Amino acid sequence: MLLRRIYQFLIIYFLGLAILLGVKYALRLSNYVIPDPLLLGLTFQSEALRYFKDVLDTMSIAIIGQVLSICLAVLIGILGRQTTWFGSFVKVAAYNVQAYPIVALAPIIFILLGDGFLSRLLIAAMICYFPLLLSVLGIMAEPIGDIEHFYRITGRMRWQLEVKIRAFENLSKLTTVVAGSATLAMAGTIVAEFIAANAGIGYSIRIALYQSDLGKILIALFLIGISLSVYQGLLEWAGAIIRKTWESR
Amino acid sequence: MLTIFWAAPAADAADPINYRLKWLFNASVVGDLYADVNGHFTEARLAVKVKSGGPERDAIKELELGQAQFGVASADQVIRALDKGAPVVVLAQIFQVNPLQWIYRRTDPPIRQLADLKGRVIGITYGGNDETIMRTLLAQAGLAEPEVTLFNVRYDYTPFYRRQVDIWPVYRNTQGIIIGRKMQAENEPVRFFIPGEFGVRFVANSVVTSRRMLQNEPATVKRFIQALLAGWEAALDPANTVRALDTLQQFDRDTPREQLAEQLDITRSLIKPTTEFKIGTIDTAAWKQTEQIMLTQKQVAKPVQVETVLHPEFVF
């Protein structure tokens with residue numbers, strides 16, 4: 001699972017790179033527009049270690065943001081699963097918060113929280129929580145008819161049991177959503193760093209952009225992609241283990 | 001009937017030309033806009049589309065990709081591009097004094113010599129021109145980094161307003177005026193720290209084209225640059241101030257007219273320092289110094305001999 005994720009990413013990355021290089025040589029573009037493989041290699045040699053540390057920094061924030069988002073989405077998903085007035089109110093409030101574009105909210109966040117850890121964390125969580133919420137709401141609001149019916153007619157149904165049944169029956173869906181939201185958490189953190197932070201790979205990409213250095217940006221994209229693939233692979237692996245453990249009970 | 005549809009364009013039909021600016025429409029591009037709106041390009045039989053720039057735009061890349069025929073780039077962009085083999089040439093230098101300067105409070109001790117920077121909290125944009133310029137100034141002053149505090153600045157000026165940062169980088173002719181006015185309204189008059197006064201003449205906006213364009217269409221290049229510089233001369237002529245402000249207001253609706261007038265005055269002093277000065281004159285020594293600064297700071301791998309791509313012959 002993990003290996004498959006990595007080689008699939010490598011195929012996509014090098015395919016994209018090959019297209020770029022194809023354009024470069026077809027249009028005879030200079031290294032300023034698209035760097036050649038030699039320059040890319042030299043850039044990798046000089047920047048990879050520093051950028052890798054930046055990616056780890058970004059990823060650590062993204063993971064914390066993702067965990068927060070999962071907790072929040074599960075909480076709101078459980079509250080919003082009810083077809084009561086309160087359930088619908090929670091859903092409307094959750095949807096409306098997401099209606100504001102993060103680039104418009106970011107300056108306010110940075111003024112209030114500064115350009116350090118908290119702002120990056122909050123933006124990462126805000127970007128990845130909504131798709132999580134939609135999925136959790138969808139899953140939690142959908143009854144598992146025959147199983148739930150059994151517990152209802154025997155009078156043993158409690159809300160905790162209802163949540164457990166629905167989570168278990170949709171575990172593979174939940175795992176996919178959680179793994180997918182890792183991408184969004186990472187993207188959210190990078191956006192935050194790009195806009196105003198002082199650290200992380202988004203910040204390094206911004207500096208490379210100032211210097212019109214596509215080589216550095218391509219190296220950064222490679223490291224982001226490979227790290228994210230490993231993380232997503234690990235999440236899927238963890239999901240599979242949880243499923244097996246539940247099934248064996 | 002067929003001949004009507006298949007007729008070749010008339011020989012003197014205006015050539016379509018894209019002109020990519022470095023930044024958004026503001027007082028720094030008043031001459032470009034003036035030349036467009038007031039018919040200087042049309043008179044030269046050129047159909048020029050003046051396109052605003054921005055952080056994600058790079059005129060030199062667009063020249064190479066054929067998306068633009070002329071553009072505006074700063075010297076550091078040109079030197080970086082040359083370092084990586086881009087076929088770019090410089091036709092005119094718009095700013096004679098770099099508008100990138102530092103604002104600070106009048107109540108703070110004045111910076112009369114570079115050693116006065118010691119102990120201050122200095123705003124810089126990491127990776128930006130201002131970082132390069134400030135590091136050069138600090139090196140000239142013999143100040144090591146621990147002797148000052150460098151603060152990473154963004155679009156939000158709050159750290160400067162809150163006195164967390166002592167001196168803050170601004171474009172003197174645009175942001176400098178807006179922030180200066182705000183500070184003045186709070187009874188905090190300001191002054192500016194000008195790197196050029198300490199011998200650092202880092203070249204700013206210049207007009208560029210591709211080597212291919214210069215070789216293949218020298219007549220078009222000449223017509224374009226002459227029309228453009230005529231537009232600049234007219235825009236900065238005090239006799240045309242009302243017209244220049246009208247032009248500017250068409251594109252920059254958010255800035256009040258009296259602020260635009262002040263911006264225009266300062267822009268004039270940075271582009272046409274004396275009444276006799278020919279706008280567009282290329283300061284070769286300043287270009288060489290800019291290259292040397294970038295070499296010293298290892299921003300380019302090797303000397304690019306920037307003087308070989310300067311074409312001052314187009315400035316009339």
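This is a predicted model: local features need pLDDT of at least 70, side-chain atom pairs count only at pLDDT 80 or more; totals for chains, interfaces and linings use all residues.
Chain A to start. Two packed helices are described by the angle between their axes and the distance between the axes. Take helix 4, residues 102-113, and helix 8, residues 171-195, of chain A. Their axes are 11 Å apart, and the packing angle is about 60°. Helix 4 and helix 8 of chain A are therefore oblique to each other. The crossing of helix 4 of chain A past helix 8 of chain A is right-handed. Which residues in helix 4 of chain A meet helix 8 of chain A? They are Ile102(A), Val103(A), Ala106(A) and Phe110(A). From helix 8 of chain A come Val191(A), Ala192(A) and Ile195(A). The tally for this contact is 7 nonpolar, no polar and no charged.

Now the other pair. Helix 7, residues 159-169, and helix 10, residues 214-248, also belong to chain A. Their axes come within 11 Å and cross at roughly 120°. So helix 7 and helix 10 of chain A are oblique to each other. Helix 7 of chain A passes helix 10 of chain A in a left-handed crossing. Helix 7 of chain A brings Lys164(A), Ala167(A) and Phe168(A). Helix 10 of chain A brings Arg243(A), Trp246(A) and Glu247(A). Here the residues divide into 3 nonpolar, no polar and 3 charged.

On to rings. There are 18 aromatic pairs over all chains. One of them joins Phe9(A) and Tyr13(A): the ring centres are 5.8 Å apart and the planes stand at 40°, so the pair is tilted. Phe9(A) and Tyr13(A) sit 4 residues apart in helix 1 of chain A, residues 2-27, and so about one helical turn separates them.

Now chain B. An open sheet of 3 strands runs in the order 8-5-9, with antiparallel pairing. Which strands stand at the edges? Strand 8 (168-171) and strand 9 (190-193) of chain B do; each has a single partner strand, so one side of each is left without a neighbour in the sheet. On average, neighbouring strands are turned by 45° against each other, direction ignored.

Look at strand 5 of chain B, residues 100-105. It is joined to strand 8 of chain B by 4 bridges. Trp102(B) stands opposite Pro169(B) in strand 8 of chain B.

Two helices lie across strand 5, strand 8 and strand 9 of chain B. Helix 6 of chain B, residues 129-141, runs at about 70° to strand 5 of chain B. Helix 8 of chain B, residues 175-185, runs at about 120° to strand 8 of chain B.

Conventions: Residues are numbered from 1 along each chain as its sequence is written. Chains are lettered from A and ligands numbered from 1 in the order in which they are written. Side-chain values use heavy atoms; hydrogens and water are left out. Axes are lines fitted to C-alpha atoms, for helices over the stretch in contact, and angles run from 0 to 180 degrees between N-to-C directions. Angles under 35 degrees count as roughly parallel, over 145 as roughly antiparallel, 65 to 115 as roughly perpendicular and the rest as oblique. A crossing is left-handed if the near helix is turned anticlockwise from the far one by less than a right angle, and right-handed if clockwise. Contact means heavy atoms within 4.5 Å. Ala, Val, Leu, Ile, Met, Phe, Trp, Tyr, Cys and Pro count as nonpolar, Asp, Glu, Lys and Arg as charged, and the others, Gly among them, as polar. Two strands pair if DSSP finds at least two bridges between them. Rings of Phe, Tyr and Trp (its six-membered ring) pair if their centres lie within 6.5 Å; planes under 30 degrees apart count as stacked, over 60 as edge-to-face and the rest as tilted.
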